[in-house]
Amino acid sequence: MRILLVASAFNSLTQRVHTELRARGHQVGVELALGDEPLRAGVARFQPELILAPMLTKAIPEDIWTEHTVLILHPGPKGDRGPSSLDWAISEGARTWGVTVLQAVAEMDAGPIWASVPFPVTAVGKSSLYRNEVADAALAAVLLAVERFESGEFTPEPLDYARPDVRGRLRPYHAQPYRSIDWTADNTATVLRKLRAADSQPGVLDELFGHEFFLHGGHNEDQLRGVPGTVLATRDGAICRATVDGAVWLPQLRARRTPGGPPTFKQPATDVLGELLPAVPEVPVSPAVAATRDTWSEIRYRERDSVGYLEFAFAGGAMSTDQCRRLLYAYEQARTRPINVLVLGPERDFFSNGIHLNVIEAAADPGAESWRNINAMDDLVEAILTTTDKVVIAALPGNAAAGGIMLALAADEVWCRESAVVNPHYQLMGLYGSEYWTYTLPRRVGAATAERLTQQTLPVGARAAHALGLVDQVIPGSPAAFWAWVRTEATALADSPELADRVVEKKRRLAADEAVKPLSAYRAEELARMSENFAPGSPYHELRQNFVYKVCATATPAHLLG
């Protein structure tokens, strides 16, 4: 069918629906919801048989939903209505929730139901829940609804609150008064629920040192204690704040925008506070110790049998200069361990999206910080590429893009959860790209396919990536099921009699490749192009600012139109 996706943004869920529908043979276009008239023009141009809205914050005009079947994806169970469904689910401690596909009508979220799929509410932030459990259930519901529509034989179910399976209700917007933290009364569990329900937007509005900030992220601390509400310590850019019965880590803050002032954006908490932050101790924790504690750390390391697991989880998948250097140090330590296989990747969510555009934007000299960041990424990739005494696996439970997917390709094998989407291109940010992509990508998929992937600027689903040779294994299921499989396969690989031969062949191949063209030459050529991208006046700077400040597009990009 001809299916038009209408979305407020081409976000991770919209990308996943896009790739899955295309994989099933549908002709799929995307129209961003940028106003009624542009939307009408987009619908007239595409002439869809079905319109799907995977992520929509604005109402679709009546003349569109009366002339076309328009199916809206709502992140709530049957009967749930309102703009803050997940926020309420998390803040009220729901154990299970749901995703419902309903037909657009005049009353918001009240149309006939085409499909509804439940999911468990894991104790994580809203954004991580959205990209994992919600996205898995959403895709199942969308595919079921599309199948039912295509059959022409399904009659959608009217919303009827008298039915026993309709358990939702109309809820108001989850405004800041609902989110407010009382540091003198709220226990740690309550504080974490409020923080998780506001992640990553809009954050929890709070006061620190006489100034208002939005708090983003929230993680338990198992040892530090102090006067409720006070900042006890820092760690790698985060601050630790005492509660009445414990403490929580706050990794990111966003200053409240002043009336008429410039927009603000998330940054590491200590960067935002700057001189406001009093002299509190920096309390480091090693990756190995972090793996044994219930505390916040972006990097953890653990061993099982003859396998090392270097876990990293960076907010939004972005990796600043400092984060790259910390991960490189942890990697260097891990590869000295007496292990046969080293697995890299987060427990859930993003693998990596490359350089940290927010930190770069906040720098005194964004061009210079971009240069430092890309070189730090290159150093990390080079270390992985030149590890010749063990097999390195990149495990992707979630999405990867730009330099993040090239980071994964530095490993010997890439194992990917079926729900992941990869974006192996840099052009939408005006960049040529580095991370040794001109070496790793063509050797995996061939020169012609490498050029197409980097020029086409469309997302690639996990199954399609496997067919191209971009990834080696694709595993269905939840993040927990994915990691259970990874541990089993990594142990089998570490104990296999063929491992020694693989390591010898790996060393031989790198030497042969270096003889033809040294890795340093790939890096120098890429960085020469990147230095032009980072120069004053290049399109990258405006594109970066638009991304960081969330400037709305003025038209749907041509590559999405289908």
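**Domains, strands and a histidine**

Analyst: Start with the record. UniProt, in an unreviewed entry, puts the feature "domain: Formyl transferase N-terminal" at residues 37-142. Keep in mind that this is a predicted model.

User: How much of residues 37-142 is helix and how much is strand?
Analyst: That stretch is 38% helix and 25% strand. Its end C-alpha atoms are 26 Å apart.

User: Which residues does UniProt list for "domain: Formyl transferase C-terminal"?
Analyst: The unreviewed entry gives residues 180-255. Here the chain is 13% helix and 42% strand. The end C-alpha atoms are 16 Å apart.

User: Let's zoom in on β4. Is it mostly covered or mostly open?
Analyst: Mostly covered. Strand β4 spans residues 70-74, and five of its five residues are buried.

User: Which residues sit on which side of β4?
Analyst: V70, I72 and H74 are on one side, and L71 and L73 are on the other. Both faces are covered.

User: How does the chain get from β3 to β4?
Analyst: It passes through helix α3, residues 62-67. This β-α-β crossover is right-handed.

User: And how do strands pair in general?
Analyst: Strands of a sheet pair through backbone hydrogen bonds, either parallel or antiparallel.

User: Which strands pair with β4?
Analyst: Strand β3, residues 50-55, runs parallel to β4, with three bridges joining them. Strand β5, residues 96-103, pairs with β4 in the antiparallel sense over four bridges.

User: What stands opposite L71?
Analyst: L52 stands opposite L71. Q103 in β5 stands opposite L71 as well.

User: New topic. What is the strand order in the open sheet of four strands?
Analyst: The order is β7-β8-β13-β14, and the pairing is antiparallel. The edge strands are β7 (204-208) and β14 (267-268), each pairing on one side only.

User: How many bridges join β13 to β14?
Analyst: Two, and the strands run antiparallel. Strand β13 covers residues 252-255.

User: Last one: H18. Where is it?
Analyst: H18 lies in helix α1, residues 12-23.

User: Why does H18 count as buried?
Analyst: Because its relative accessibility is 3%, and buried means under 20%.

User: What is H18 in contact with, leaving aside neighbours within four places in sequence?
Analyst: Its contacts are L5, F10, V28, V30, L458 and P459.

Terms used: Residues numbered from 1 in each chain as written. Predicted model: local features only at pLDDT ≥ 70, side-chain atom pairs only at ≥ 80, totals over all residues. Heavy atoms only, no water. Buried < 20%, exposed > 50% of the residue type's maximum accessible area, 1.4 Å probe, protein only. Pairing = 2+ DSSP bridges. Right-handed = clockwise from strand over helix to strand, strands pointing away. UniProt positions renumbered as here; feature names shortened; annotations may be inferred. Contact = heavy atoms within 4.5 Å.
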